[in-house]
Amino acid sequence: MTDDKLVASAREVLKIEAESILNLIDKVGVSFARAVNMIYASPGRVIITGIGKSGLVGKKIVATLTSTGTQAIFLHPVEGIHGDMGIVTKDDVILAISNSGETAELNLLISAVHRTGAPIIALTGCLASSLARNADVTIDVGVEKEACPFGLAPTSSTTAVLAMGDALAVALIEKREFKESDFYRFHPGGNLGLRLRAKVADVMIVGKHIPRVVAGATALAAIAEIDAKNKGFVLVTDAQNHLLGILTDGDIRRMISKKVDFNVRRVEELMTPSPKTIGGGASLAATIEFMQREEITTLAVVAEQDELRGYIHLHDILGRGGSLKISLP
């Protein structure tokens, strides 16, 4: 292909994607306003979910919302239906992304979300889809065609979703009367900047608040600890407090279907050995990056030789439920 044809192809892609965004303007109406008001009124977080390219775009929308005053996290649909649904509460708002609206794993998650009472906002290109029918509010992000010459690779459709996510974030900025001074609080040099320069040890959960059992305990005892601490997991240590593994409520649900006898099985037989961990000296900024890369929201905090010191959840980093007092030079 000649250089002229390459340039012409690139210009055509940009033209198609630009037109796709412009075509969204007439689709912004009552549903968009309802979605903004729903998020604004919510006492919880925006939980964004989607698979593949939709999921990647969703993570960017999470980043934009969190940096402009709206608490948001990403929930992978597959992880959600295998245990991570435990992070969803009735106070949260679900923002589900699917161009077709027929992504099987996503729609299975949405069915489960209904039981929590959390309202659902759909960003989809098909208003007649299963996702649209099961959402409380649906925003049309449909495009006429993809910029891909085969019409297969998500290009225009993901650009449209990204733009609509920005529109939601900016509308919320205006709804909240978010000011420039507020923006600095959420970036390095402000409160969040100070927080992210702090260490894991400053915010980790320790002592009797850690969901923990000692190896040798029955699986039933581990389930009782999960239920008592209500964190969705239990950490397994030896008698010297060295971390051995983790058992989650998702693991337990999968074992129920296999008819595992929890009265006789020991917890170490069922746990996941060598779970992801972090040291207390790690910065919160590095911890967030690690959590995003591994797509997890909780980490065990260990010292030398895997001695358990505590655990940290994404909420503890973002400061949900209280303010963290940090003094830095």
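Q: Which residue in S9 does Gly-245 stand opposite?
A: In this predicted model, S8 runs antiparallel to strand S9, residues 272-273, and two bridges join them. The residue in S9 opposite Gly-245 is Pro-273.

Q: Which residue in S8 is the bridge partner of Val-234?
A: Strand S7 covers residues 233-237 and strand S8 covers residues 243-248; their pairing is antiparallel, over five bridges. The hairpin of S7 and S8 has five residues between the strands, and Asn-241 there takes a positive phi near 70°. Across the pair, Val-234 has as its bridge partner Leu-247.

Q: Is Leu-65 buried or exposed?
A: Leu-65 sits in helix H3, residues 53-66. Leaving out residues up to four places away in sequence, Leu-65 touches Val-46, Ile-48, Thr-70, Ala-72, Ala-169 and Leu-172. Buried means under 20% relative accessible area. Leu-65 has a relative accessible area of 2%, so Leu-65 is buried.

Q: How far apart in space are Leu-65 and Gly-165, C-alpha to C-alpha?
A: In sequence, Leu-65 and Gly-165 are 100 residues apart. The C-alpha to C-alpha separation in space is 8.7 Å.

Q: Does Asn-230 count as buried or exposed?
A: Asn-230 lies in the loop between helix H11 (219-229) and S7. Asn-230 is not a glycine, yet has a positive phi of about 55°. The cut-off for exposed is over 50%. With 66% relative accessibility, Asn-230 therefore counts as exposed.

Q: What is the phi of Ser-274?
A: The loop between S9 and strand S10 (277-279) holds Ser-274. Most residues other than glycine have a negative phi. Ser-274 is not a glycine, but its phi is positive, at about 50°.

Definitions and conventions
Residues numbered from 1 in each chain as written. Predicted model: local features only at pLDDT ≥ 70, side-chain atom pairs only at ≥ 80, totals over all residues. Heavy atoms only, no water. Pairing = 2+ DSSP bridges. Helix = DSSP H or I, 4+ residues; strand = E, 2+ residues; numbered from the N terminus. Buried < 20%, exposed > 50% of the residue type's maximum accessible area, 1.4 Å probe, protein only. Contact = heavy atoms within 4.5 Å.
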